[in-house]
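I am opening a notebook on this structure.

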Amino acid sequence: MARSSSGVFVAALTAAALAGVGFLAVQAEAAPDKPRSSHAAGAGASGKGEDKGKDGAPADSGTGTGSGKDEGAKAAVPDVPAASGAGKRVVYALGQKRVWLVGADGKATHSFEVAPSAVNPSPGSYAVTSRDATGTGSDGKAIEHVVRFHSTAAGVVFGFSAAVDGSLPDPAATGKKTGAVREMPADGRAMWDFALNGTKVVVVA
């Protein structure tokens with residue numbers, strides 16, 4: 001019986017050894033430095049790798065909305081009217097109903113359309129005389145960023161301002177002879193920041 005038990009024991013050891021050898025073979029096959037696994041890791045779900053650019057992103061991947069337009073680009077500023085003076089100034093073209101904010105270098109930094117009231121100032125050179133952060137327009141609207149540059153003997157005051165609600169006046173509806181020049185709120189803020197007291201205002205036809 002002892003001899004029979006010994007034989008069983010030896011057979012068990014032999015089977016365990018064979019199992020260990022098989023396990024090591026499987027481990028070697030799955031080792032990370034196995035050449036065939038390196039290409040597979042770089043492939044996509046379809047089995048094809050992506051064509052990547054210099055920064056590692058796909059070569060055909062773009063940024064932005066894909067519209068093909070530069071959304072950060074600003075619209076070109078129209079040319080400043082000729083014979084409108086020199087240096088830093090506000091230029092107001094009556095015929096175009098447009099204003100330019102011109103820097104000391106002679107280049108316009110901002111231009112926008114405006115809505116004049118019933119009375120226009122005569123072409124000429126003026127200067128900002130007073131400013132008010134808020135007020136009430138001749139149409140009863142709450143206004144802001146009021147920049148005045150001229151007044152007549154008849155009491156007509158000319159100045160730029162913007163309605164808080166962004167509305168534009170209808171001169172015919174008020175029936176009043178006023179000289180207010182209405183801007184949109186964003187343009188009113190630009191004017192306010194630019195045209196301090198004493199700033200030249202040139203009105204052209």
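I began with a hairpin: strand 6 and strand 7 form one, with five residues between them. In the turn, Gly140 has a positive phi of about 85°. I took helices (H or I, at least four residues) and strands (E, at least two) as DSSP runs, numbered from the N terminus.

The ground rules came next. This is a predicted model, where local features need pLDDT of at least 70 and side-chain atom pairs count only at pLDDT 80 or more, while totals for chains, interfaces and linings use all residues. Residues are numbered from 1 along each chain as its sequence is written, and side-chain values use heavy atoms, with hydrogens and water left out.

I checked how strand 6 and strand 7 are joined. They run antiparallel, with six bridges. Two strands pair if DSSP finds at least two bridges between them. Thr136 has Ala142 in strand 7 as its bridge partner.

**Entry: the sheet around it**

I then traced the sheet with the order 4-9-8-7-6. Five strands form this open sheet, and the pairing is mixed. Strand 4 (115–116) and strand 6 are the edge strands, each pairing on one side only. Over two bridges, strand 4 pairs with strand 9 in the antiparallel sense. I found Pro116 opposite Val181 in strand 9.

Contact means heavy atoms within 4.5 Å. Axes are lines fitted to C-alpha atoms, for helices over the stretch in contact, and angles run from 0 to 180 degrees between N-to-C directions.

I also looked up helix 4 against the other sheet. Helix 4 (residues 185–194) lies across strand 6, strand 7, strand 8 and strand 9. It runs at about 50° to strand 7.

**Entry: the hairpin of strands 2 and 3**

Strand 2 (residues 98–102) and strand 3 (residues 108–113) pair in the antiparallel sense over five bridges. They form a hairpin with five residues between them. Gly106 in the turn has a positive phi of about 85°. Arg98 has Glu113 as its bridge partner in strand 3. Val102 stands opposite Ala108 in strand 3.

**Entry: aromatic pairs**

I counted four aromatic pairs. Rings of Phe, Tyr and Trp (its six-membered ring) pair if their centres lie within 6.5 Å; planes under 30 degrees apart count as stacked, over 60 as edge-to-face and the rest as tilted. Tyr92 and Phe160 form an edge-to-face pair, 5.8 Å centre to centre with 70° between the planes. Tyr92 lies in strand 1 (residues 89–93) and Phe160 in strand 8, so the pair ties together parts that are 68 residues apart in sequence.

**Entry: lining of the largest pocket**

What lines the largest pocket? I noted 20 residues, with Ile143, Val146, Arg148, Val157 and Ala180 nearest its centre. A pocket is an open set of points on a 1 Å grid over the protein atoms alone, where a 1.4 Å probe fits, with protein on both sides within 12 Å along at least five of seven lines; lining residues have an atom within 4 Å of a point. Strand 8 gives the largest share of the lining, five residues.
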